[in-house]
Amino acid sequence: MKKEAKITVTAAARLEAIIAAPSMKQKYVWRARIVLLSAAGVGTMAIVRQVGKSKRAVWRWRERFVAEGVDGLLRDRPRSGRPPMVGPDQVRAVVERTVPPDATHWSTRSLARAVGLGKTTIQKIWREHGLKPHLIKGFKVSREPAFVDKVRDVVGLYINPPDHALSVDEKSQIRALERTQQPLPLIAGHAATRTHDYTRHGTTTLFAALDVKGPGAMLQAPPPPGVRPVPGQDRPRYPGASRSPPDRRQLCDPQARRRAALA
């Protein structure tokens, strides 16, 4: 004998609101209809025909409403799900064999063949344990006896620089290239064009100097001996600078650079 669904006015109003809500999930709608039809005295088979569900479903949700009320219709009980296909011993074997003794690292397919599992299972185990055998992080240990002292000197120069601190660097073997023809500029209705071939003028070297404590910086690219300079290659890269090689005093003191430019 199945339990009857006795319903109060408040519960009936909530069920009617569930059925009338346009954005309500359909599974909640037909559950509410089952309860309302049962409270109206409609038989089980008639409810089955009107709702389109089985007798077992009608009995289940009618009993759920009697036990838990309207809130019981709006939540599903947790399900156990499919039992795990891979046991803890297999997971432990995959983790322990992630680093092979005779190779750099496994691929998912090669390890799957070795342990008798699928490659997606291997991927899942690696992901759960945070294993990324395809990634390698490198490191280098310096053999310089005074490495720590030198690092402190260099880093300290930037953290607490003196009044006149100069940082100089160079980039050599820069190819000096020039297009065989002058490019055509951009105009309305026509994109800028340039030739695909170019002329080699050898190589050049770029010197960069930075005033560590101030905002001053200079780039200089002198042409190599015996090579015709490419237009623009030997031009200093900040306004007001001279074409002569940079003077150390100008590099260290921005005011000196301005005075030299005005002179």
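A residue is buried when its relative accessible area is under 20%. By that cut-off, Trp61 is buried in this predicted model, with a relative accessible area of 5%. Trp30 also counts as buried, because its relative accessibility is 18%.

These two residues meet ring to ring. The structure holds one aromatic pair. The pair is formed by Trp30 and Trp61, whose ring centres lie 6.4 Å apart. Their planes stand at 85°, so the geometry is edge-to-face; the cut-off for that class is over 60 degrees. Trp30 belongs to helix α2, which covers residues 26-39. Trp61 belongs to helix α4, which covers residues 55-68. The pair therefore ties together parts that are 31 residues apart in sequence. Trp30 has a further contact. Arg31 lies over the face of the Trp30 ring, at 5.8 Å from the ring centre.

A separate analysis concerned pockets. The volume of the largest pocket is about 250 Å³. Its lining includes Arg82, Pro83, Pro84, Met85 and Val86. Val91 also lines the largest pocket. Thr121, Lys124, Ile125 and Glu128 complete the lining. Helix α8, residues 119-129, gives the most to this lining, with four residues. By class, six lining residues are nonpolar, one is polar and three are charged. Thr121 is the polar residue.

Technical notes
Residues numbered from 1 in each chain as written. Predicted model: local features only at pLDDT ≥ 70, side-chain atom pairs only at ≥ 80, totals over all residues. Heavy atoms only, no water. Phe/Tyr/Trp six-rings, centres within 6.5 Å; stacked < 30°, edge-to-face > 60°. Helix = DSSP H or I, 4+ residues; strand = E, 2+ residues; numbered from the N terminus. Buried < 20%, exposed > 50% of the residue type's maximum accessible area, 1.4 Å probe, protein only. Lys NZ or Arg CZ within 6 Å of the ring centre and 35° of its normal. 1 Å grid on protein atoms, 1.4 Å probe; cavity = no way out; pocket = protein on both sides within 12 Å on 5 of 7 lines; lining within 4 Å. Points joined across faces, edges and corners; volume = space filled by probe spheres on them.
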